[in-house]
Amino acid sequence: MTGPSHRLHRHLISIEDLDRDAIERILDRAESFDEVQGREIKKVPALRGRTVVNLFYEASTRTSSSFELAAKRLSADVVSIRSTGSSVEKGESLKDTVQTLSAYDPAAIVIRSPHVGAAQLVAGWTPAAVINAGDGKHEHPTQALLDLYTIRSKKGAIAGLHVVIIGDVLFSRVARSNIFGLLKLGARVTLVGPSTLVPRVFEKLGVTVSHKLDEVLPTADVVNLLRIQHERQRKEYFPGIGEYIRLFGLTKERGKKLKPDCLIMHPGPINRGVEIDSDLADGAQSVILDQVTNGLAIRMAVLYLCGGIATP
Ligand code: NCD
């Protein structure tokens with residue numbers, strides 16, 4: 001029953017692919033794993049004897065540590081490979097790397113890559129379940145799931161909430177996955193940022209686009225700040241740090257415009273003093289560290305549902 005041909009495989013490539021039920025099933029499963037986090041022994045045997053491979057071709061602190069710990073808490077054997085220090089530096093291709101690691105018969109391969117579509121390609125090269133941990137500016141599904149989970153657990157429900165996503169939407173996979181997930185769960189979404197980074201064309205997805213943060217902030221139930229993705233954009237997209245802070249930074253002054261129960265979110269890493277003031281990032285409305293904690297339960301749920309033998 002454990003041979004590759006008998007295993008139930010389900011990939012997680014994008015939130016766009018999932019329907020509302022599938023998203024809620026993952027959030028509900030995460031809730032049951034959240035309970036495990038409160039125990040003294042934070043480990044369950046769900047993936048005992050199975051292997052999870054983490055393959056990170058791009059910088060990561062939160063996502064890589066979260067997937068590694070999630071796999072360990074499910075009792076899987078974990079192999080974590082970074083492009084620096086591995087044979088990727090010797091010129092080994094992604095396909096050869098994936099096929100080499102697939103020879104260990106992993107239940108799941110987690111992949112982060114700077115290239116759009118990388119996770120989808122990997123799914124064609126391995127019998128393992130493939131989980132997208134970020135493919136260029138395309139999608140970052142587990143980040144959106146942990147964001148949805150955080151909002152749901154703080155607010156009780158997502159439908160009807162007004163969620164404002166601020167910053168570099170154009171180059172952000174976090175924004176894209178969040179937009180799909182939030183709309184599927186019935187939230188109203190407004191995107192705010194410079195017109196170069198938040199073009200009107202996003203309205204085709206069913207969101208509102210605004211370039212005036214001060215008008216939007218007082219109606220927000222949740223604000224989600226994005227880091228400027230300098231590694232992906234050319235200079236002309238960005239107005240300059242001073243100008244950006246003046247128009248789109250969540251400064252202390254702007255923080256006063258928020259409803260008292262508005263949640264402040266950020267996927268990290270934060271540029272303190274740029275997209276968000278330090279006091280607000282560490283303040284009572286911030287759920288930034290809850291997002292990190294919840295990421296663990298979400299990734300346990302995703303690894304369990306994709307990499308386990310039980311029917312989810
Ligand atoms: C995000 C990413 O890598 O897309 N970070 C994360 O996974 N927590 C956002 C970012 O790097 O700005």
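1. Domain 1 (15–140 + 294–307) and domain 2 (141–292) each give at least three residues to the shell around the ligand. The domain bounds come from an automatic or database assignment. This is a predicted model: local features need pLDDT of at least 70, side-chain atom pairs count only at pLDDT 80 or more, and totals for chains, interfaces and linings use all residues. Residues are numbered from 1 along each chain as its sequence is written, and side-chain values use heavy atoms, without hydrogens or water.

2. The shell (residues with a heavy atom within 4 Å of the ligand) includes Arg62, Thr63, Arg173, Val174, Arg227 and Gln229. Helices α2 (62–73) and α6 (173–184) each supply at least two shell residues; helices here are DSSP runs of H or I, at least four residues, and strands are runs of E, at least two. By class, the shell has 3 nonpolar, 5 polar and 4 charged residues. Arg counts as charged, Val and Pro as nonpolar, and Gly as polar.

3. Check the polar contacts (N or O pairs within 3.5 Å). A polar side-chain atom of His140 lies 2.7 Å from a ligand oxygen. For Arg112 the distance to a ligand oxygen is 3.0 Å. Gln143 has a polar side-chain atom 3.4 Å from a ligand nitrogen. The protein buries 93% of the 320 Å² that the ligand exposes when taken alone, by the Shrake-Rupley method with a 1.4 Å probe.

4. Look at Pro269 in the shell. The peptide bond from Gly268 to Pro269 is cis, with omega near -5°. Pro269 sits in the loop between β9 (263–265) and α10 (278–281).

5. Ser75 also deserves a look. Its phi is positive, near 70°. Ser75 is in the loop between α2 and β2 (77–82). Most residues other than glycine have a negative phi, and most peptide bonds are trans.

How values were computed:
A polar contact is a pair of N or O atoms within 3.5 Å; within protein, one must be able to donate a hydrogen and the other to accept it, and residues adjacent in sequence count only if both atoms are side-chain atoms.
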